[in-house]
Amino acid sequence: MRVVSTASAEARVAGAHPGAARAAAGALALLVPGGVVAGVFLHAATGDQPLTRGVTTWWLMQATAAVSFGGTGAWLAAQRPRLVVGWILLGVGVVQALTFVAIEYGVRTLVAGEVGGTGGLALWASTWGWSASLVVVAAVLPMLLPDGRLPSPAWRPALLLASTAVVTQSLWWSLAPYEAWAPDLAAAGATNPVAVPAVAQPAVQVPVNLLAVGAVLAGVAALITRWRASRGVLRDQLKWILYGLALALLLFAAGFALGPYVTALAMVPLPLACLVAAERHGMWDVDRVISRSLVYGLLTVAVLAVFVATVTVMGGLLGRTTGAPIVGTALVAVLVEPLLRRLRTLVNRLVYGEREDPYAVLSRLGARLEATQDESAVTERLLPDVAAAVAGSLRLPYAALELADGSLVEHGTATSRLEAMPLTYGDHDVGRLVVGIGVRGLGRRESRALGDLAGQAAVAAHTVLLTRDLHRSREALVSAREEERRRLYRDLHDGLGPSLAALALQVETARDLVGDDPGRAAGVLDRALPRLKDVVGDVREVVTGLRPPALDDLGLEGALRELVARFASGTTTVDLGTDPLGDLPAAVEVAAYRITAEALTNAARHSGASRVLVRLERRPDALLLRVEDDGHGFEQPERRGVGLESMRARASELGGTCTITSGPARRGTVVAVCLPTGGVAT
């Protein structure tokens, strides 16, 4: 499930049927290119006139805002017609397009000598429409992104403040005399039909502007608050929106000092950030058509910029604009194909991240594995980095690594559709790579890239499993050592110690009596002798716990024959077969003897076997041990007793293996052990 879902996070437009809403979005969207093209032609036809200064200077900002906000809003309104954010963006774009053509038309009529009439009305309407829409973008929209709702009910006063700023800005621009902001326009005879001279006074103008600034700051604060409270994919979405809003505000402020082209550039970051957040992090849960929309949207802006620049330059250098549209059209035709190719590459990298080049991710993952030396870094940071790299490189909302030991490392939020890929290292299964996919699934290229990434993920998983096994082995060795020390302490302190102390007292008593009463002294020694023999037996038991004496007396083969003879009975036959064993390391002999003893004990007590076969085979670098019985096998193989784990631990301590399986048709038990003999001290 994505973080922002259409069922729970959309702000619904009352009474909007999806089909009718899409049709309305399409109809409104047509006003954007129409208004922009008409405005550009009117601007080119009017040229640079004294009365246009301060009036149409910002024409490129309006054209850019119309295309960027209108295009994003039209696409979103068509995809999610019940999401109010799309309609706000579309409304801003439409207003910017209409006010652009209106102001150019009004100025054009003034240049032609017409004062008032439809041109004057269009000029008046354009002066306040553009400002209101920009305040909506900077103050209202940040409070509602991305789901059309406020961060919490506590932000309702801030929304009221922003709405008030929109109204006051609209009123100020609609009532301000033209002399207050465009003296050249007023000198040409243009007048505001509803002018109120008092609004131009600082006592009115300053509070209105301060209110707008406060509303913008409140909008930014709401977005930051939502970002700080968010987690996972939603946090990544809001991060992009914050970047876009911050860059837009900085560019807009810098435009007053650097010129109108910078202000025009300020109209791009926020819509662009919304598109990137939607495609890269699944915002609004939309279909994957953003990259194409973004490519052709930027291409439209670039084409308009080239066309307008050509017309403007020709008008300034040649003093006429008669043939400028033809030259501009020819230049656009030449540049459109290479420009489209470059824009597609740029947008794919921006929107898709490194999905276009997943092998860059493979390279970094390999370097990360080589650089990770600290064991804690391997277990605590490596796998989360791998999961994040897989999700980020393929724009997946969810990626998880399920290791063979049952541990799980996740990145993102799981979707309703999951796809799993096994992770293998050599011949070993080390886990699974699970990814969340959208409705359309994974394409062929994505599947191939995912397979390549799974190979590196398998290396990371294998590394982590080995590190964890190493930790467990160390802990088991330390625990076994301390348990053995405690056993020896108890045997010596609680058993042998008191017995030896008592014998010492008896010997001292006999020594004191031997001169005066030899008979009594002899009786004391007679009573001490059996106890002394018992102590000797206790010492042998302690020594046997350290290393079976039979190994030193009889060798491994002889000790095993003696062991087999003890387990053989009237109902159970135990056979032993061995190769010539030769000299073996002491640790290997003890492990083979103990494992055989444990296997025979299990067969006698639990399997109900009538026949047990013990087979030892000497290899150049290993000793192979196999204990097989014809009992009832494992009824519940998932349950592991202490004895089974002890056999595995003894083999693992020497770098060997111990596998315990049921025989054919789940009859009998087979214990197969491989104990390396090379490099083990004797």
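Reader: Hi! Which residue just after α3 takes a positive phi?

Author: That is Gly113, with a phi of about 90 degrees. This is a predicted model, where local features need pLDDT of at least 70, side-chain atom pairs count only at pLDDT 80 or more, and totals for chains, interfaces and linings use all residues. Residues are numbered from 1 along each chain as its sequence is written, and side-chain values use heavy atoms, with hydrogens and water left out.

Reader: How do the axes of α2 and α3 cross?

Author: Helix α2 (residues 59-79) and helix α3 (residues 84-111) have axes that come within 7 Å and cross at roughly 150 degrees. Helices here are DSSP runs (H or I, at least four residues) numbered from the N terminus. The pair is therefore roughly antiparallel, a label for angles over 145 degrees.

Reader: Left-handed or right-handed?

Author: Left-handed. By class, their contact has 16 nonpolar, eight polar and one charged residues.

Reader: New topic: what is the volume of the second largest pocket?

Author: About 990 Å³. A pocket is an open set of points on a 1 Å grid where a 1.4 Å probe fits, with protein on both sides within 12 Å along at least five of seven lines; lining residues have an atom within 4 Å of a point.

Reader: Which residues are closest to its centre?

Author: Of the 37 lining residues, those are Trp130, Leu134, Gln169, Phe252 and Phe256.

Reader: And the lining by class?

Author: The lining of that pocket has 28 nonpolar, nine polar and no charged residues. Helices supplying at least two residues each include α2, α4 (117-144) and α8 (232-258).

Note on methods: Axes fitted to C-alpha atoms, helices over the stretch in contact; angles between N-to-C directions. Parallel < 35°, antiparallel > 145°, perpendicular 65-115°, else oblique. Left-handed = near helix turned anticlockwise from the far one by under 90°. Nonpolar A, V, L, I, M, F, W, Y, C, P; charged D, E, K, R; others polar. Points joined across faces, edges and corners; volume = space filled by probe spheres on them.
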